[in-house]
Amino acid sequence: MARTPLMAGNWKMNMDHLEAIHLVQGLNQELTDANFDFSAVEVAVIPPFTDIRSVQTVVEGDEMKIKYGAQDVSTHENGAYTGEISASMLSKLGCSFIVVGHSERREYHGESDALVGEKARVALAAGMTPIICCGEGLDVRKAGNQVSHVLAQIDGALAGMSADDVKKSVIAYEPIWAIGTGEVATPEDAQEVCGAIRVRVGELYDAATADAVRILYGGSVKSANVADIMAKEDVDGALVGGASLKADEFAKIARFNA
Ligand SMILES: O=C[C@H](O)COP(=O)(O)O
């Protein structure tokens with residue numbers, strides 16, 4: 001089965017809503033100028049919550065094919081949860097994706113695999129695609145335990161999820177030691193873990209589910225290294241941080257096969 005590559009730009013806590021409009025317009029211009037085929041590669045931006053309405057307005061107003069999403073979601077539908085944002089609010093804003101369990105949320109907000117799984121299910125129930133993040137720290141990598149560590153995260157996050165839901169989901173492998181450090185994992189490092197994740201999905205579900213789920217690599221991806229990583233058979237795209245904040249650079253990443 002041919003999986004459509006996905007290039008998702010996680011802006012993290014960068015860009016106010018005015019900067020967001022500028023960046024999305026710039027990205028769209030770069031891609032349109034290059035005759036980019038949006039049906040061959042999905043391109044998404046993941047701005048802060050406060051930018052999403054502005055991104056929606058510009059994407060819909062200019063009939064852009066760029067998709068967008070959110071960096072987190074509440075597990076609650078509504079009610080007395082100060083500071084939280086529900087899946088239905090995000091779906092109303094036209095979000096296609098929700099990043100869940102990013103290592104920064106796991107580290108600074110104590111998110112567990114079970115909570116990450118719950119957020120993924122909430123996103124799916126509201127018709128959006130979760131981008132389920134996993135990845136090991138430097139200590140785990142140095143001990144050579146990256147595969148078992150990541151598979152335990154996957155087991156925890158997918159627990160209770162149906163095969164149909166997993167087929168619709170995206171998994172992002174992001175080794176923490178490669179995030180924002182400039183130290184990119186080698187294509188072989190990325191393939192080792194992404195391949196192991198796909199095998200595990202096959203064991204937990206079936207071959208069709210393993211074949212359908214998209215697995216991204218994230219961690220210091222830039223235009224200069226994306227093609228080699230994308231050449232690996234189990235890497236279906238990238239979750240890009242810093243390099244997604246510049247329209248021309250992110251457009252080059254999206255055009256990895258040009
Ligand atoms: O979500 C994106 C990742 O954390 C990667 O960030 P980075 O590309 O700045 O290393």
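**View 1. Arg3 and its polar partners.** The side chain of Arg3 comes to 2.8 Å from the backbone oxygen of Asp211 and makes a polar contact with the side chain of Asp236 at 2.9 Å. (A polar contact is a pair of N or O atoms within 3.5 Å; within protein, one must be able to donate a hydrogen and the other to accept it, and residues adjacent in sequence count only if both atoms are side-chain atoms.) This is a predicted model, with local features needing pLDDT of at least 70 and side-chain atom pairs pLDDT 80 or more, while totals for chains, interfaces and linings use all residues. Numbering runs from 1 along each chain as its sequence is written, and side-chain values use heavy atoms, leaving out hydrogens and water. Arg3 is buried at 19% relative accessible area (buried means under 20%, with a 1.4 Å probe and protein chains only).

**View 2. The annotated pair, His102 and Glu174.** An unreviewed UniProt entry marks these two residues as "active site"; such annotations may be inferred rather than shown by experiment. They span 73 residues in sequence, yet no two of their C-alpha atoms are more than 8.5 Å apart, so they gather at one spot. Their side chains make a polar contact with each other at 3.0 Å.

**View 3. Around His102.** His102 is buried too, at 4% relative accessibility. A polar atom of its side chain lies 3.0 Å from the backbone nitrogen of Glu104.

**View 4. Around Glu174.** Glu174 is likewise buried, with 5% relative accessibility. Leaving aside neighbours within four places in sequence, its contacts (heavy atoms within 4.5 Å) include Cys134, Gly218 and Leu239.

Methods:
Buried < 20%, exposed > 50% of the residue type's maximum accessible area, 1.4 Å probe, protein only.
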